[in-house]
Amino acid sequence: MSVFISQNMKISRSTVLSLIAGLSLVFIIALPARAQFSKPVVVLKGCVFTQDAKPATVRLSIHETGETAAADDSSEEITTCGIQEITAGRANSESGRYLLILKPGRKYWMHIEGTFVQSIDSLLQMPKTDKPLTIEENFVVNWRQNPDAGGVNASDPAAKKD
């Protein structure tokens, strides 16, 4: 079946459908794409190593302080850790690398703990940003002391019993 546009020009139905599909595709591509998640985030990544430069097997726990980071914040006041953990991750046992997604313009407490290392807490202040931002932050943890030694140096002759 043919559609007549003028006396001398014939266009088939499949040609008209192809033309409509092509124009629809052009309009879809020309429209600006909208991201599903349009809010900016801070990607915090890095490594956790022991003091002898070995990858640490640790858990990283993030707690929000309840404060937002002010651009002119020069206070040295440390806010106590929020009770509720908002996110957590583990450092890769082979490389020590970790990755966490946080909100910009916020202060967070990061608690790092592991079976054989001393726990540490660090106050982190994320900068304000309108675009996704990546920050690299590395941490060094100390090995735990041997609990059986009780803090006594076994090589110290004064510490030995007779």
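This is a short exchange about how labels are assigned in a predicted model.

Modeller: The model is predicted, so local features need pLDDT of at least 70 and side-chain atom pairs pLDDT 80 or more, while totals for chains, interfaces and linings use all residues. Residues are numbered from 1 along each chain as its sequence is written, and side-chain values use heavy atoms, leaving out hydrogens and water.

Biologist: Why is Ser122 called buried?

Modeller: Buried means under 20% relative accessible area, exposed over 50%, and partly exposed in between, with a 1.4 Å probe and protein chains only. Ser122 has 18% relative accessibility, so the label is buried.

Biologist: What does Ser122 touch, and where does Ser122 lie?

Modeller: Ser122 lies in strand E8, residues 120-125. Strands (E, at least two residues) and helices (H or I, at least four) are DSSP runs, numbered from the N terminus. Leaving aside residues up to four places away in sequence, Ser122 touches Tyr108, Trp109, Met110 and Phe139. Contact means heavy atoms within 4.5 Å.

Biologist: Why is Ala53 called exposed?

Modeller: Ala53 has a relative accessible area of 59%, so Ala53 counts as exposed. Ala53 sits in the loop between strand E3 (42-50) and strand E4 (59-68). Its phi is near 65 degrees, a positive value in a residue other than glycine.

Biologist: What makes Glu85 and Arg59 a salt bridge?

Modeller: The term needs a side-chain nitrogen of Lys or Arg within 4 Å of a carboxyl oxygen of Asp or Glu. Here the closest N and O atoms are 3.0 Å apart, and the pair is a salt bridge. The pair links distant parts of the chain: Glu85 is in strand E5 (residues 85-90) and Arg59 in strand E4, 26 residues apart.

Biologist: Are these two residues buried or exposed, or in between?

Modeller: In between. Glu85 is at 33% relative accessibility, so Glu85 counts as partly exposed. Arg59, at 26%, is partly exposed too.

Biologist: How many salt bridges does a search of the whole structure find?

Modeller: Two. Arg106 also forms one with Glu64, with the closest N and O atoms 2.7 Å apart. Arg106 lies in strand E7 (residues 106-113) and Glu64 in strand E4, so this pair ties together parts 42 residues apart in sequence.

Biologist: Why is Arg106 called partly exposed?

Modeller: Arg106 has 27% relative accessibility, so the label is partly exposed. Glu64 has a relative accessible area of 22% and is also partly exposed.
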